[in-house]
Amino acid sequence: MPFTATVLTMFPEAFPGPLGVSLIGTAWRERGLWSLETLDIRGFSEDRRGFLDDTPAGGGPGQVLKADVVARALDSLTGPPRPLLYMSARGRPLTQARCQEWAKADGIVVLCGRFEGVDQRVLDARGFEEISVGDAVLAGGEAAAMVVIEACVRLIPGVLGQAESLSSESFEDGLLEHPQYTRPRTFEGIDIPEVLLSGDHKRVAAWRQDQREETTRERRPDLWAAHLEKRPAETSAKSQLKSAKARGE
């Protein structure tokens, strides 16, 4: 059974969006390596007017998606158990490591919130994991759901053309990816770094590793600190000395 991503949403028309194009879309529509299904939670309202939200308990602005409506939608699903994810600005940050775990499962179920969010009781009762794709608030969870699904699907064996390209990507070993270049050799007066044209694979590999370390140190001090902790003491000391020299200390 292929990896199945099920999205619980008020707006199923938002999908597949970018999930339906390029290698991700081909792996779904033509190769059957994964599948996407949407479930309109509006169809599970028992209110004669079709309402699926209500005012927040304790007062305050906006509306909250009702626990019973979300529960009925979720309970209508069949098949093997899958991780339950709720897209939320207050959730734990999305990481490559978590995506690797989910990609090995039978799939994921993603709940897209709206308004002020979802009644906490259904999140707790059904065991949803709250996930954030960044320190920003969106109007709903649909765009965030697409991010999570794509991040998982691209890790499924066979989805990408060259599986080895995954090994040097950002976050795979705790470092960010090195810069990439291609023809033309000169663009607006800027040349491709000469080492990349040398044909010396060892020099190229060393340059790329240096670039990955430098980029990580500058842009993500948190990742750089974690990377240093994992390295042997001697190597760490050497890298710290190099970083200090780069800063002119």
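Ala, Val, Leu, Ile, Met, Phe, Trp, Tyr, Cys and Pro are taken here as nonpolar, Asp, Glu, Lys and Arg as charged, and the others, Gly among them, as polar. The model is a predicted one, where local features need pLDDT of at least 70 and side-chain atom pairs count only at pLDDT 80 or more, while totals for chains, interfaces and linings use all residues. Residues are numbered from 1 along each chain as its sequence is written, and side-chain values use heavy atoms, with hydrogens and water left out.

Let's start with the pockets. A pocket is an open set of points, on a 1 Å grid over the protein atoms alone where a 1.4 Å probe fits, with protein on both sides within 12 Å along at least five of seven lines; its lining residues have an atom within 4 Å of a point. Volume is the space filled by probe spheres set on the points, which are joined across faces, edges and corners. Helices (H or I, at least four residues) and strands (E, at least two) are DSSP runs, numbered from the N terminus.

The largest pocket comes out at about 680 Å³. Its lining takes in 36 residues, and Tyr 86, Arg 114, Glu 116, Gly 117 and Val 118 lie nearest the centre. Strand 5 gives the most, 5 residues, and among the other elements that supply at least two are helix 2 (67-75) and helix 4 (120-126). By class, this lining splits into 18 nonpolar, 9 polar and 9 charged residues.

The second largest pocket holds about 300 Å³ of space. Of its 13 lining residues, Leu 94, Thr 95, Gln 96, Ala 97 and Phe 171 sit nearest the centre. Helix 3 brings the largest share, 4 residues, and helix 5 (142-153) also supplies at least two. Here the lining has 7 nonpolar, 4 polar and 2 charged residues.

Now for a pair of residues, His 227 and Asp 173. His 227 belongs to helix 7 (residues 221-230), whereas Asp 173 is found in the loop between helix 5 and strand 8 (186-187). The two are 54 residues apart in sequence and 8.4 Å apart in space, C-alpha to C-alpha. With a relative accessible area of 12%, His 227 is buried; Asp 173, at 36%, is partly exposed. Buried means under 20%, exposed over 50%, and partly exposed in between (1.4 Å probe, protein chains only).

Leaving out residues up to four places away in sequence, His 227 touches Asp 173, Leu 175 and Glu 213, contact meaning heavy atoms within 4.5 Å.
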